[in-house]
Amino acid sequence: AHAMEPQSGKQEIASEKSGKEEDPNQLQLYFKGFPHVFNKDKIKEVFLPFGTVVSLINLKLNGRNSGRGFVTFSEATTAPDIANCISVLNGKTFDFEKPFKLTVQIPNSKGKTSSERGKKKKQKNDQVSKEEMIHVNDFPVLSFDDLLEVFKFAFGELHESKDQKERFRNWTSARRVCRDWRDAADNAIVFKNQSVFYDQMTKCFMKKKIDGVKFFLGPRRIDPEDAYYFFKRKFGGLKAHSRHSSTMLRFMLEAGVDPSIDRNRLIRKLPQLSNGSAKYLVTLEKLLKNPKVNPVVNNCEALKNAIAAEEFQMFKMLLSDPRVDPTLDDNQFIMEAINLGDENASFRFTEALLQDPRVDPSFPHHKPFICAVSSGFTSVVELFLRDPRIDPSYDGNEALHMAVHNWNESIIPLLLNCPNVDPSSRHNQLIIAAAENDTRLFMKLLDDERIDPSDQQCSALFELCHDDENIEALKRLLLDPRIDPSAQDNSALLEAVECDSTAIVRLLLEHPKVDANAREGEALCCACRNHGSAEIVRMLLPRVDPTARAKKCIYYAILRGEGETLDLLLRDQRFTGNHFINGLQGVYSYGDTESIAKVMNDPRVDLSSQDWAVLRDIDRTYGVQGMLEEIKPLLLERPLKSIETYLENKKRLVSKKPPKKKKESSSKF
């Protein structure tokens, strides 16, 4: 093959190379060696002593200055100035943070950039290849058998080694001469190791050059099916988020790969790759016409992926294929359509499926309809309700209770407008949920004769007691004779006190059936435990016996530091000194200091009662002396004297206590 190369072409090229002489009037110089921190201005200062700088190109490397580039002087700069610049700066070492050595010289290819040099080189190669082909045509035409023998001798067996790589390049050059040479080269080659071809094919694949990949495919080279599985192992195949998926798709469509390979993976994954492109729709149409392609493989995965990717046109095209069954796996496709994140997309896909006569939305057990209610898409639910096969009251009004459970405000009225839906099913769960979430709907439901608001032991009443905003609904509910506000041992009052609903507590206390003293005055205890419940305490005290839970009431009032609540308790003469002594025990370490001092200053409180129980408790946890230092300014004379007496008695007891004797060791050693 080398013997047939045109000598005249080589001589012309050699003459061109020998004719490259340096221009004596060259005004551009190449430099390198500057640090990365040197910008154009700093570099220009180095060349200014040798002439006027017209332009300066500082090449970049990885986004920063590379320290090399080209500098161009003005036409007024003479050749001696250029030569002087080279002689002075070339090889000179500059002192900087780190010393650097500068290189200055006349650039190759007369200062052209790499892209310009590459274009010129390509033009020369094209010219040489044309001359070679013209020169080859001048030779006597060899028969195909003779040409085959020549190539067998020239190339023989190609495998991976240093000398064989050169022969491989010669083989690819020979294939580009003409068609006869290509066929002869293809038939002459014998493979022992295809790794060379796989490496080259992989490079073409990564550069997205499918024509280059096709060059390596053939009956005597690499089988397209083997190439597919090779790329699948190396790059992951057809995946929605793979950066090589589009190249893989082009390879499968253009390189002669069987479209049904890998269990029809191409049609299964095509909807995930389309991203709304019309060309993929054309590809799908061609695939469906191919008898080898089966769109129903893997339980119609292609249709499922079209729904998931929201590719509506692909979905309709697949649905129109008679082989595709949209009712597979108990209507799984309509379930997939309902569960899409976008309501508009869900409506379009669901509507298309419901228009298919094979799809039954009531199978199995109205599950698609209940799923639509659970999704919260109002338009999709309306679509189902227009279908005569749907019974919205199926399975004990399951759809209604699903809407109540998720509290879909727009879907619940749609279901209530259906004549066969019973709002009182499952123990009036709807009105209880309405009392918790929507008082306006609750008021409407009270007018329905089928609903019993007292069901589940007046649970609706308890839900309304959580917030003062429900006061109007609660007034309307209390007018119902079936409602007993004292149900479950006055739990409604306790709920209102616990939630600090002052208006509702006042409303309930006005009802004759409500007993504020229920559960031994637990409502008062609960009010003392809450912050800012002084108004509720003021309403409860006249109706409650506070001594039933006096200790807890006083303890919580001191603990929370509720001064107004504590003042109300101190003004109540039903409390005795022992009640306050019991309330003070165990509260000093966590309670409010001012509240503790206020209770100690009360004339009913005697700190020496119950054998100094309060001070002994403080002494065990905190220390009376430390406590005295903190609250001494807040105490009156009477409690101060009691504390001082306690401290004196303590010292006297300590001084009289005999010292402990050391225990003698019982060991014989």
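Tutor: Start with a term. Helices (H or I, at least four residues) and strands (E, at least two) are DSSP runs, numbered from the N terminus. Next, the ground rules. This is a predicted model, where local features need pLDDT of at least 70, side-chain atom pairs count only at pLDDT 80 or more, and totals for chains, interfaces and linings use all residues. Residues are numbered from 1 along each chain as its sequence is written, and side-chain values use heavy atoms, with hydrogens and water left out.

Student: How many helices and strands does the protein have?

Tutor: There are 36 helices and eight strands.

Student: How much of the protein is buried?

Tutor: Of its 669 residues, 46% are buried. Buried means under 20% relative accessible area, exposed means over 50%, and partly exposed is in between (1.4 Å probe, protein chains only).

Student: Switching to salt bridges. How many are there?

Tutor: The count is 25 salt bridges. The rule asks for a side-chain nitrogen of Lys or Arg within 4 Å of a carboxyl oxygen of Asp or Glu.

Student: Which residue does Arg250 pair with?

Tutor: Arg250 pairs with Glu254, at 3.5 Å from N to O. Both sit in helix H11 (residues 245-254). They are four residues apart, about one turn of the helix.

Student: What about Asp438, which residue is its partner?

Tutor: Asp438 bridges to Arg440, with the closest N and O atoms 3.9 Å apart. Asp438 has a relative accessible area of 15%, so Asp438 is buried. Arg440 is exposed because its value is 64%.

Student: Where do Arg529 and Glu498 lie?

Tutor: They form a salt bridge of 3.4 Å, N to O. Arg529 lies in helix H28 (residues 518-529) and Glu498 in helix H26 (residues 487-498), so the pair ties together parts 31 residues apart in sequence. Arg529 is partly exposed at 26%. Glu498 is partly exposed at 42%.

Student: Which residues are joined into one network?

Tutor: Arg506, Glu535, Arg538 and Glu564, through salt bridges that share partners.

Student: New topic. Where is Pro35?

Tutor: Pro35 is in the loop between strand S1 (28-32) and helix H2 (40-47). Pro35 is buried because its relative accessibility is 17%.

Student: What does Pro35 touch?

Tutor: Leaving out residues up to four places away in sequence, Pro35 touches Gly67, Phe96 and Phe100. Contact means heavy atoms within 4.5 Å.

Student: How far is Pro35 from Ser66?

Tutor: They are 31 residues apart in sequence and 7.6 Å apart in space, C-alpha to C-alpha.

Student: What share of contacts in the protein join residues at least 24 apart?

Tutor: That share is 69%, among contacts between residues at least 6 apart in sequence.
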